[in-house]
Amino acid sequence: MDLDLQPLFDAFVTESEENLRTFEEGLLALESGGHNGETIEVIFRMAHTLKGNAACLGLDAFTGFAHVVEDVLDGLRSGTLRESSDLISVLLRSVDALREMVPSSIAGAQQLTPAQAALIQEIAAFAIAEAVPAAAASPAASEKTAGSEPRRADVATRSLRVRLA
């Protein structure tokens with residue numbers, strides 16, 4: 001039985017536009033000093049939904065990109081990453097990249113462009129650089145007792161694999 005995926009792709013385009021608009025609005029609110037946990041939670045949910053929808057459709061490059069963005073947002077949400085103007089700027093650029101990736105992914109693009117690959121490396125590197133100081137200052141890190149093994153939450157680990165065409 002052949003399944004017509006076009007209605008699913010059409011729904012993906014429509015929902016992606018709405019999610020990316022909400023994502024961008026949240027980032028702009030953060031940029032203008034509107035920091036609060038609820039805004040970060042909404043932004044995280046948008047990235048999570050984008051990633052999940054793309055994964056369901058087999059849009060691997062989009063899914064991978066959105067996953068790295070989602071990881072950074074999870075770090076903001078959990079407090080292991082600190083909000084900064086540089087981070088917000090990189091995340092706003094990721095929204096633009098995701099917008100560009102919607103139609104190209106549906107058209108069959110399965111790899112990131114060189115610019116998208118560079119941006120995702122920048123996002124991942126930013127997350128690694130910022131995670132270590134924030135994790136060291138976290139309450140969980142100060143709860144360790146002398147001689148105890150670090151708990152998994154105390155260790156900031158990220159990996160990124162990018163295929164360039």
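Which residues is Q116 in contact with, leaving aside its neighbours within four places in sequence? The legends below take up that question and others for this predicted model.

**View 1**
Let us start with the answer: beyond its neighbours within four places in sequence, Q116 is in contact with F65, A97, E100 and M101. Q116 belongs to helix α5. With a relative accessible area of 6%, Q116 falls under the 20% cut-off and is therefore buried.

**View 1. The whole chain, for orientation.**
Stepping back, the protein has six helices and zero strands. Read from the N terminus, the order of elements is α-α-α-α-α-α. Of the 165 residues in the protein, 36% are buried. Taking contacts between residues at least 6 apart in sequence, 75% join residues at least 24 apart.

**View 2. Helix α1 and the residues it buries.**
Helix α1 covers residues 6-31. Its 26 residues should span 38 Å at 1.5 Å a residue, and the end C-alpha atoms are 37 Å apart, so the two values agree. Buried along α1 are F9, F12, S16, N19, L20, F23, G26, L27 and L30. Among the elements that cover these buried residues are α2, α3 and α4. After α1 comes G33, which has a positive phi, near 90 degrees.

**View 3. N19, a closer look within α1.**
N19 sits in helix α1 and has a relative accessible area of 12%; because buried means under 20%, N19 counts as buried. Which residues does N19 contact, leaving aside neighbours within four places in sequence? They are M46, T49, L50 and N53.

**View 4. Helix α3 from end to end.**
Helix α3 runs over residues 60-78, 19 residues in total. From first C-alpha to last, α3 reaches 26 Å, close to the 27 Å expected at 1.5 Å a residue. The buried residues of α3 are A61, F62, T63, F65, A66, V68, V69, E70, V72, L73, G75 and L76. Just past the helix, G79 adopts a positive phi of about 90 degrees.

**View 5. The pairing of α2 and α3.**
Here the axes of α2 and α3 come within 9 Å and cross at roughly 160 degrees. Angles over 145 degrees count as roughly antiparallel, and α2 and α3 are therefore roughly antiparallel to each other. The crossing of α2 past α3 is left-handed. On the α2 side, the contact is made by I40, E41, I43, F44, A47, H48, L50, K51, A54 and A55. The α3 side brings F62, T63, A66, H67, E70, L73, D74, L76 and R77.

How many residues does the largest nonpolar core have? It has 43, and those with the most contacts inside it are F23, L27, F62, F65, L73, L98 and I123. At least two residues of this core come from each of α1, α2 (37-56), α3, α4 (85-106) and α5 (114-136). Helix α4 gives the most, with ten residues.

Technical notes. Residues are numbered from 1 along each chain as its sequence is written. This is a predicted model: local features need pLDDT of at least 70, side-chain atom pairs count only at pLDDT 80 or more; totals for chains, interfaces and linings use all residues. Side-chain values use heavy atoms; hydrogens and water are left out. Helices (H or I, at least four residues) and strands (E, at least two) are DSSP runs, numbered from the N terminus. Buried means under 20% relative accessible area, exposed over 50%, partly exposed in between (1.4 Å probe, protein chains only). Contact means heavy atoms within 4.5 Å. The expected span of a helix is 1.5 Å times one less than its number of residues. A nonpolar core is a set of buried Ala, Val, Leu, Ile, Met, Phe, Trp, Tyr and Cys residues joined through side-chain atoms within 4.5 Å. Axes are lines fitted to C-alpha atoms, for helices over the stretch in contact, and angles run from 0 to 180 degrees between N-to-C directions. Angles under 35 degrees count as roughly parallel, over 145 as roughly antiparallel, 65 to 115 as roughly perpendicular and the rest as oblique. A crossing is left-handed if the near helix is turned anticlockwise from the far one by less than a right angle, and right-handed if clockwise.
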